[in-house]
Amino acid sequence: MSEERIVPRNIRTIYQGRIFTIQVETIALPKGGTLDAEIVRHPGSVVIVPVTAAGEIILVRQYRAALGRWAWELPAGSLKPGEDVEKAARRECHEEIGLVAGHMEALGAFYPTPGYCDELMNFYRATGLRPPRDDEHAEQDEDEDIEAKPFSRAELSRMIAASEIIDLKTIAGLALNSEADRNQ
């Protein structure tokens with residue numbers, strides 16, 4: 001199987017939004033014929049596993065309009081144009097849980113939905129969490145109504161088993177954190 005990149009014959013932007021763009025790319029298939037691939041273009045994101053001094057992991061609860069319900073998730077957010085990934089992780093940690101990370105450890109980067117989206121999720125573990133100093137300001141996005149709460153690992157396992165955690169990036173982040181713990 002060839003590893004060559006297939007160059008699109010034609011690219012049409014059908015939607016340009018605040019967070020992502022939708023394009024239709026016409027590509028020639030290796031075995032003949034063409035495909036109009038519908039692709040979500042996303043700037044990438046960061047997912048943070050904030051670990052307290054007591055070993056608890058902080059999740060955020062927020063309303064997810066696409067699901068029509070509230071969800072417990074790891075703090076996460078989209079990259080801003082040209083933003084350094086680790087700086088974005090620090091920013092999102094501060095904005096979403098109100099704490100500043102003393103240390104950030106990269107846990108990996110993965111494409112959650114490569115069948116139709118180019119978003120790369122960058123996972124970080126945040127430790128050495130502390131309240132912000134007076135000169136360190138961060139604001140939640142206007143559309144965010146977030147509750148942050150620490151959970152023990154046993155509570156998180158129970159919540160996953162009971163389908164109380166329904167977000168796959170959170171399950172992946174918790175698994176990456178557990179693997180990093182085993183490798184220390």
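Mentor: Residue classes come first: Ala, Val, Leu, Ile, Met, Phe, Trp, Tyr, Cys and Pro count as nonpolar, Asp, Glu, Lys and Arg as charged, and the others, Gly among them, as polar. By that scheme the lining of the largest pocket has 23 nonpolar, 6 polar and 14 charged residues. The model is predicted: local features need pLDDT of at least 70 and side-chain atom pairs pLDDT 80 or more, while totals for chains, interfaces and linings use all residues. Residues are numbered from 1 along each chain as its sequence is written, and side-chain values use heavy atoms, with hydrogens and water left out.

The largest pocket has a volume of about 1500 Å³. A pocket here is an open set of points on a 1 Å grid over the protein atoms alone, where a 1.4 Å probe fits, with protein on both sides within 12 Å along at least five of seven lines; lining residues have an atom within 4 Å of a point. The volume is the space filled by probe spheres set on the points, which are joined across faces, edges and corners.

Of the 43 lining residues, Ile19, His42, Arg64, Ser78 and Glu119 are the closest to the centre of the largest pocket. Elements giving two or more residues to this lining include β4 (45-50), β5 (57-64), α1 (85-97) and α3; helices (H or I, at least four residues) and strands (E, at least two) are DSSP runs, numbered from the N terminus. Helix α3 gives the most, with 4 residues.
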